[in-house]
Amino acid sequence: MKQTLITGNEAAAWGARLARPQYIPSFPITPQTECIETLARWGADGELPNTYFDRLESEHSVMSAAVGAAAVGNRVFTATSSQGLLLMHEVLYIAAGMRLPIVMATISRGLSAPVTLWSDHNDFLDQRDSGWLMFHAENNQEVLDMILMAYRVAEDHKVLLPVMVNMDGFVLSFTDEPVTIPSFEMVDKFLLDYTPEHTITPDRPVTIGAVALDEYTFFRAQNHVAARNALGVIEQVQDEFEKIFGRNYDLVDEFMMDDAELVLITQGSMSTTTKAAIKEMRADGIKVGLLRLRIIRPWPASAIKEALKNARAIAVIDRNVAPGKGGIMFPEIVETLYYLESRPLISSFIVGLGGNPQTEEKIKEITHKLMEDLETGKSRVEWNDVEES
Amino acid sequence: MQEFKSIKDLPEIELFTGGSSACAGCGGTMGLKLALKALGPKTIIVNASGCMTLLPLYPTTPLKVSWIHNAIENASSTAAGVRHGLDMQGHDDMNVVVYAGDGATYDIGFASLSSAAVKNERIIYICYNNQSYGNTGFQWSSSTPYGSETKTTPRGRENQIGTTFVQKDMIKIMGAHRVYAASASLAYPVDFLNKIERAKNRKGFSYIELLGSCTAGWNYDSRLTIKMSKLAVHSGMWPLYEIEEGILNLNKDFKELKPIEEFLELQGRYKKLPAYGVQKLRSLINQHWTELKEYNGRRYV
Ligand SMILES: Cc1ncc(C[n+]2csc(CCOP(=O)(O)OP(=O)(O)O)c2C)c(N)n1
Ligand code: SF4
């Protein structure tokens, strides 16, 4: 184990390298480029001895090639962002439907038009119903750790689903942070050899991706069951991860939640800023806490309900937008809490689109609005960075 | 390398059994059945969405080889993943074969095809060309020949020709990728299977395009598939040739081409093509044939 300063992209590349994938198809897009360039450079230097690093002509083909290699039993890694992730969209459903445990780092970037290079979560959350499991990292260490855990979860025979691990573009992808890189020996103890069950080999003909008639619905249902199974598997994997690497993760990340009456719900790197703001507000006697969504799919409903059982007012801070509706995660939280006997007020705040800075001041502002909500008894849907007219 | 001399040499092995849902007399289906004789059991077929996607219908399949269908535009990239995947597992003795329609090849899947070819991936790409989007009910693709009527290029008061575009010269384009590129016909199975044999023994990408006549869309009697295939070759509508290392080789030479009318008359899709349309089609074909004759044995691309 060694600690070093690396970017989020390099942390993802390290996660992949330690997992010893056999196949890495690639296509460049900012802000993911550094991740695949790092892997390419290692490949050229002979540091990925059992890996074929491939270059395709588009992300659609990257995911298609990933499907092909995974279908014959390879451990596969790739990475993308933004328009690239959207171009993969069609094949993401196919990878999940074929139950192929591909792991992909997605580095969030807002979507065109207009063009932006900076982060928000619409690209990632657009894939919400593709059948992939979706993890979201807060910092570079978690990026690396999540990729290792993603393989364990994806390859578990109760799951067999692909996983994407998201980090915020630029905020993490190009920012150096101290990251502990585990040794290959430790990772080999954690990540067993992948033994696929239903793959194509020379001796046994197999049909993959055929047409199904009435049975279609049963395949989809199995997909759903597998994703639900993943919740328990993730918890087991987190425990085992802690035993080997000493770092502890839960289905949801709770910060100063013990007596919190006001709860801010976030995803990804803005959670760090939010934690800093919460510390300051706590010093002023405000009972505020943070719930960070680490695992988006499968949806850890019980963990979320448990964490929010004492909350009086909640702000779902969405770094994304479903135009004509509001934040994407807001209704997910509302639905999750709908059946509680006493329901907290839940407000929606849309912030930080296209890299718009997510400052401590903004977090404090939102918290004060929550306090107003408690007084008026009314919740709200609000854009933090613009006046809605 | 094995070379078949006559139809009696063709392998007896049958890897395509009964129970497919393709139309009777379908050229694409017959092509796969034939191709598998040369390919053998250690083959994985990578299919692009199209008529052939309906061959395996869960939970059955008429095939005794592996099969993967991903989507319509990505058979080549899927095959590249399969190829590298198998090689990484030490299974380099397997044939990775794309079997895709002309729409998936000429149009929507062209980028992934070109990319796999340029990288000279060890893949055998067989395009069964029914000159249309067959599975969706016979619409125009960029391999539909001038003068053919399709559902999206119907003849009408304003347009008596139907398809007014001239199809892409795909074999030339693939030849220009510096890979092996060849045309093939069901009426010449020895030639077709020898081309597959050559592809099998190459270390890189091979592109073989088979005229896959379509009883439903071309609108002809399913008994006539082989006759149709033969007439297409004899009339110059579907010349048999190959390009290797840029050099053209005409596989079936004729002193004189048969008139195209004999081929056209058998099919519904050319019915009511006005005389000036037939004239233009004839001249396009003569032009192509003259070019092939001129470059025979010489650098073509
Ligand atoms: C992205 C996408 N667009 C459209 C389709 C619908 N589609 C299915 S098969 C097909 C026609 C394919 O034509 P071709 O490749 O020539 O094969 P054929 O059907 O003739 O065998 C089309 C358009 C699809 N499956 N995917
Ligand atoms: S529609 Fe044409 S290509 Fe498709 S199965 Fe029928 S005959 Fe074959």
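Guide: Start at ligand 1. It is surrounded by 17 residues, and the closest are B:A104, B:Y128, B:N130, B:G134 and B:N135. A residue counts as near a molecule or strand if one of its heavy atoms lies within 4 Å of it. The residues around ligand 1 come from chains A and B, so this site is shared between the chains.

A word on the source. This is a predicted model, in which local features need pLDDT of at least 70 and side-chain atom pairs count only at pLDDT 80 or more, while totals for chains, interfaces and linings use all residues. Residues are numbered from 1 along each chain as its sequence is written, chains are lettered from A and ligands numbered from 1 in the order in which they are written, and side-chain values use heavy atoms, with hydrogens and water left out.

Now the polar contacts of ligand 1. Such a contact is a pair of N or O atoms within 3.5 Å; within protein, one must be able to donate a hydrogen and the other to accept it, and residues adjacent in sequence count only if both atoms are side-chain atoms. The backbone of B:N135 places a polar atom 2.7 Å from a ligand 1 oxygen. The backbone of B:G103 does likewise at 2.8 Å. B:D102 uses its side chain: a polar atom there lies 3.3 Å from an oxygen of ligand 1.

B:N130 leads on to ligand 2. That ligand is surrounded by B:C23, B:C26, B:C51, B:N130, B:C214, B:T215 and B:A216. This shell holds 5 nonpolar residues, 2 polar ones and no charged ones. In this sorting Ala, Val, Leu, Ile, Met, Phe, Trp, Tyr, Cys and Pro are nonpolar, Asp, Glu, Lys and Arg are charged, and the others, Gly among them, are polar.

Step back to the interface. There, 37 residues of chain B are in contact with 39 of chain A; contact means heavy atoms within 4.5 Å. About 2,800 Å² is buried between the two chains, and carbon and sulfur atoms give 61% of that. Buried area is the accessible area (1.4 Å probe) that two parts lose on being put together, summed over both. The rule finds 1 salt bridge across this interface, meaning a side-chain nitrogen of Lys or Arg within 4 Å of a carboxyl oxygen of Asp or Glu. B:K119 and A:D54 form that kind of link, at 3.0 Å from N to O.

Which elements of chain B face chain A? Strand 2 (66-69), helix 2 (75-88) and helix 4 (110-118) each give two or more residues to that side. Helix 2 of chain B gives the most, with 9 residues. The touching side of chain B divides into 16 nonpolar, 15 polar and 6 charged residues. Helices (H or I, at least four residues) and strands (E, at least two) are DSSP runs, numbered from the N terminus.

Two strands pair if DSSP finds at least two bridges between them. Here A:T207 stands opposite B:W67. The whole sheet is open, has 9 strands with mixed pairing, and runs 9(A)-2(B)-1(B)-3(B)-4(B)-6(B)-5(B)-7(B)-8(B). Strand 9 of chain A and strand 8 of chain B (247-250) stand at the edges, each with a single partner strand, so one side of each has no neighbour in the sheet. Further in, strand 4 (124-129) and strand 6 (206-211) of chain B pair in the parallel sense over 6 bridges. B:I126 has B:I208 as its bridge partner in strand 6 of chain B.

One backbone detail in chain B remains. The peptide bond from B:Y58 to B:P59 is cis, with omega near 5°. B:P59 sits in the loop between strand 1 (43-47) and strand 2 of chain B. Most peptide bonds are trans.
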